[in-house]
Amino acid sequence: NTSDYTGGLVGQFEGSMTDSYATGAVDGVDYVGGLIGIVETGASLASSYAEGHVTGTGALTVGGLVGTNNGTVTTSYWNAETSGIATSNGGTGLTTAQMEDQGGFTGFDFGTKWYAPLVGVVGATPTLQGFLIALSLTINDKSKAYDTGRYSEGYDVTYNGFVGGDTVNNLGGSLVFSGASLLSTNVGTYAITASGYTSDKYSFS
């Protein structure tokens with residue numbers, strides 16, 4: 001790439017941006033950043049990160065997150081290992097291990113904006129909740145003849161929403177069932193719920 005002002009998400013940035021990230025490699029000449037090439041005067045960046053490899057062939061600024069910063073950068077991070085860049089004009093450099101740990105991302109809203117990295121999954125990093133694919137899980141109805149005992153034949157689930165050949169094997173965690181039906185012995189209709197799966201690609205309903 002022979003361009004100046006090159007970034008993994010934005011080359012030349014004006015305005016305000018929060019909750020963003022870039023994972024791809026970035027290759028430019030001058031003013032090159034893993035996320036943004038140059039943050040212009042008055043612009044602000046917050047709660048964002050980059051982890052791709054960054055290359056700048058010119059003599060001017062190159063950064064793991066931001067190439068040149070004339071604005072404000074807060075609570076933002078880059079992978080100082082995978083980027084190959086130890087410095088940035090804004091942001092905090094993290095190790096790969098720290099990038100895989102929710103605790104490394106001080107200032108991120110993991111309640112409503114971000115999903116935390118999957119625990120124990122190599123290469124997992126925070127994912128924006130709005131980008132996840134909806135996956136519905138429907139617990140199939142079960143019944144038994146009344147005999148004073150609890151239902152003990154197990155439960156199964158129908159999935160709707162997998163893409164790209166994914167199956168339940170692409171989900172983290174394990175499915176756990178809970179609800180009144182697990183302990184009930186009297187005749188009646190009982191609700192049961194399922195939880196326990198994790199994913200940096202799917203949201204569950």
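**Notebook: aromatic pairs**

I began with Tyr 21, which is partly exposed at a relative accessible area of 23% (buried means under 20%, exposed over 50%, partly exposed in between, with a 1.4 Å probe and protein chains only). I note that this is a predicted model, in which local features need pLDDT of at least 70, side-chain atom pairs count only at pLDDT 80 or more, and totals for chains, interfaces and linings use all residues. Residues are numbered from 1 along each chain as its sequence is written, and side-chain values use heavy atoms, with hydrogens and water left out.

I then looked up Trp 114, which counts as buried because its relative accessibility is 0%.

I next looked up the aromatic pairs and found 16 in the structure (rings of Phe, Tyr and Trp, the last by its six-membered ring, pair if their centres lie within 6.5 Å; planes under 30 degrees apart count as stacked, over 60 as edge-to-face and the rest as tilted). One of them is Tyr 5 with Tyr 31, a stacked pair at 4.8 Å centre to centre and 5° between the planes. This pair links distant parts of the chain, 26 residues apart: Tyr 5 sits in the segment before β1 (6-7), and Tyr 31 in the loop between β4 (26-28) and β5 (32-33) (strands are DSSP runs of E, at least two residues, numbered from the N terminus).

I returned to Tyr 21 and Trp 114: their ring centres are 5.9 Å apart and their planes at 50°, so the pair is tilted. Because Tyr 21 lies in strand β3 (residues 16-22) and Trp 114 in strand β14 (residues 114-115), the pair ties together parts 93 residues apart in sequence.

Finally, I recorded one aromatic cluster, whose members include Tyr 21, Tyr 49, Phe 108 and Trp 114.

Methods: Helices (H or I, at least four residues) and strands (E, at least two) are DSSP runs, numbered from the N terminus.
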